[in-house]
Amino acid sequence: MCALADVVHDSRDLAAAVSSGSFLTLGMAVVPCSMKTLAAVAHGFSGDLLARAADVTLKERRRLVLVTRETPLGLVHLRNMTAVTEAGAVVLPPVPGFYARPRTIDDLIAHTVGKVLDQFGIEHHLFRRWDGPPDDAPDAPAARTPEEETL
């Protein structure tokens with residue numbers, strides 16, 4: 001993965017440029033965001049470069065998008081999500097948009113990537129945007145059989 005990056009920093013390098021508010025960025029996306037990283041950001045614990053850069057992003061009032069990856073969510077996770085949201089971050093779990101009718105795993109991934117790009121106002125064509133039901137959709141949901149009702 002490092003080969004794809006323009007710049008790579010050691011997570012222990014708290015003197016890296018991204019750890020300073022004077023280093024201008026559009027914002028930051030943490031993909032995936034573990035519950036450990038979420039907790040660090042929620043409580044301002046800058047123990048590594050990732051958490052420090054996220055903290056700087058928030059203090060500078062720049063866009064911070066956290067693509068959380070845990071499920072199910074416990075109360076501590078939910079409270080941490082609330083805390084980062086109140087601080088200005090966007091919590092964006094990778095929930096597929098089935099309205100786009102994904103056919104492959106790549107389609108599902110593209111949907112999440114597109115949603116992250118949307119947060120930064122970056123134009124893309126990674127998924128079909130919702131524009132109403134498709135032409136072949138029924139007007140109303142099909143009636144359920146009594147057997148289905150008990151499921």
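Arg 61 sits in the loop between α2 and β2; helices here are DSSP runs of H or I with at least four residues, strands are runs of E with at least two, and both are numbered from the N terminus. Its phi is near 60°, a positive value in a residue other than glycine. Arg 61 is also exposed, with a relative accessible area of 71%. For that label, exposed means over 50% relative accessible area, buried means under 20%, and partly exposed is in between (1.4 Å probe, protein chains only).

Arg 101 is another non-glycine residue with a positive phi, about 50°. You'll find Arg 101 in the loop between β3 (90-91) and α4, and at 43% relative accessibility it counts as partly exposed.

## What you're looking at

This is a predicted model, so to speak of a local feature takes pLDDT of at least 70 and side-chain atom pairs count only at pLDDT 80 or more, while totals for chains, interfaces and linings use all residues. Residues are numbered from 1 along each chain as its sequence is written, and side-chain values use heavy atoms, with hydrogens and water left out.

The protein has five helices and three strands, and along the sequence they run β-α-α-β-α-β-α-α. Of its 151 residues, 28% count as buried.

## Two cis prolines

The peptide bond from Val 31 to Pro 32 is cis, with omega near -5°, and Pro 32 lies in strand β1. The bond from Thr 71 to Pro 72 is cis too, again with omega near -5°. Pro 72 belongs to the loop between β2 (63-68) and α3 (75-87).

## The largest pocket

The largest pocket holds about 290 Å³ of space. Of the 16 residues that line this pocket, the closest to its centre are Val 18, Met 28, Leu 49, Leu 50 and Ala 53. A pocket is found on a 1 Å grid over the protein atoms alone, as an open set of points where a 1.4 Å probe fits, with protein on both sides within 12 Å along at least five of seven lines; lining residues have an atom within 4 Å of a point. Points are joined across faces, edges and corners, and the volume is the space filled by probe spheres set on them.

β1 (27-33) and α2 (49-59) each supply at least two lining residues, and α2 gives the most, with five.

## Salt bridges and cysteines

There are five salt bridges in the structure, each a side-chain nitrogen of Lys or Arg within 4 Å of a carboxyl oxygen of Asp or Glu. One of them joins Asp 10 and Arg 12 at 2.7 Å, N to O; Asp 10 is partly exposed at 37%, whereas Arg 12 is exposed at 68%. Glu 60 pairs with Lys 59, their closest N and O atoms being 2.6 Å apart. Asp 131 and Arg 128 also meet in a salt bridge, at 3.2 Å, N to O. Asp 131 is exposed, at 63%, and Arg 128 is partly exposed, at 34%.

As for disulfides (pairs of cysteine sulfur atoms within 2.5 Å), the structure holds zero. Cys 2 is exposed, with a relative accessible area of 55%, whereas Cys 33 is buried, at 0%.
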